[in-house]
Amino acid sequence: MTEERAQEIFLDEIDKAINIGIPIPENLDTILTFNRRKTVLGVCCKDRNLCRIELSKYMLDMPERKVRETIAHELCHTCSDDNHGKMWKYYANMFNKYYGYNISRLANKEDSEKFNEISGYKRSEAKYIIQCPVCNRKWNYARRSWAVQCAENGKCKCPICKVTVKRIK
């Protein structure tokens with residue numbers, strides 16, 4: 001698919017949203033932009049003056065249906081401030097109901113694997129592992145994130161056991 005075709009789909013999805021009563025904001029930039037992200041299919045960028053949608057350039061090699069669903073997913077973000085909360089789900093379900101889409105918070109496993117294959121993304125091996133000493137649940141991290149630092153400082157608790165977790169790697 002070309003960027004021009006993706007732009008046509010973007011405008012078509014805006015029209016579809018308006019036709020079913022999804023309140024697309026007036027400050028939505030109607031030019032679809034592209035980025036080089038390998039782990040995110042699309043993103044909605046908002047500031048006070050402008051709202052725009054970006055797609056990973058790797059989406060151009062995905063099936064048109066997935067491009068449509070991803071654009072619709074991001075359009076739902078333009079008119080809700082609750083990320084993947086109640087209003088976002090309401091708008092996503094409207095797209096699903098009226099257009100037979102399968103919009104959800106995350107891409108399904110099959111779509112993720114196809115996108116990773118197209119983009120060349122390979123998941124990093126865990127450099128850091130945090131573990132609960134009671135239930136033995138583990139969390140793997142490729143980077144020294146805030147969660148890793150929190151565990152190192154003894155300030156993070158297991159969401160299940162409520163016990164302080166430990167960094168084991």
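This is a short chat about the predicted model shown above.

Me: What should I know about the model before we start?
Reply: It is predicted; local features need pLDDT of at least 70, side-chain atom pairs count only at pLDDT 80 or more, and totals for chains, interfaces and linings use all residues. Residues are numbered from 1 along each chain as its sequence is written, and side-chain values use heavy atoms, with hydrogens and water left out.

Me: How many helices and strands?
Reply: Five helices and six strands. Both are DSSP runs numbered from the N terminus: helices are H or I, at least four residues, and strands are E, at least two.

Me: Which order do they come in?
Reply: Along the sequence, α-β-β-β-α-α-α-β-β-α-β.

Me: Which residues sit closest to its centre?
Reply: Thr39, Val40, Leu41, Leu106 and Ser112, out of 38 lining residues. Lining means an atom within 4 Å of a point.

Me: Which element gives the most to that lining?
Reply: Helix 2, with six residues.

Me: And what does helix 2 do with helix 3?
Reply: They pack at about 145°, axes 8 Å apart. Axes are lines fitted to C-alpha atoms over the stretch in contact, and angles run from 0 to 180 degrees between N-to-C directions.

Me: Which residues make the contact?
Reply: From helix 2, they include Arg65, Ala72 and His73; from helix 3, Trp88 and Tyr91 are among them. Contact means heavy atoms within 4.5 Å.

Me: Last topic. Which cysteines form a disulfide?
Reply: Cys150 and Cys156, S to S 2.1 Å. The cut-off for a disulfide is cysteine sulfur atoms within 2.5 Å.

Me: Why is the disulfide right-handed?
Reply: Because the torsion about the S-S bond of Cys150 and Cys156 is about 135°.

Note on methods
1 Å grid on protein atoms, 1.4 Å probe; cavity = no way out; pocket = protein on both sides within 12 Å on 5 of 7 lines; lining within 4 Å.
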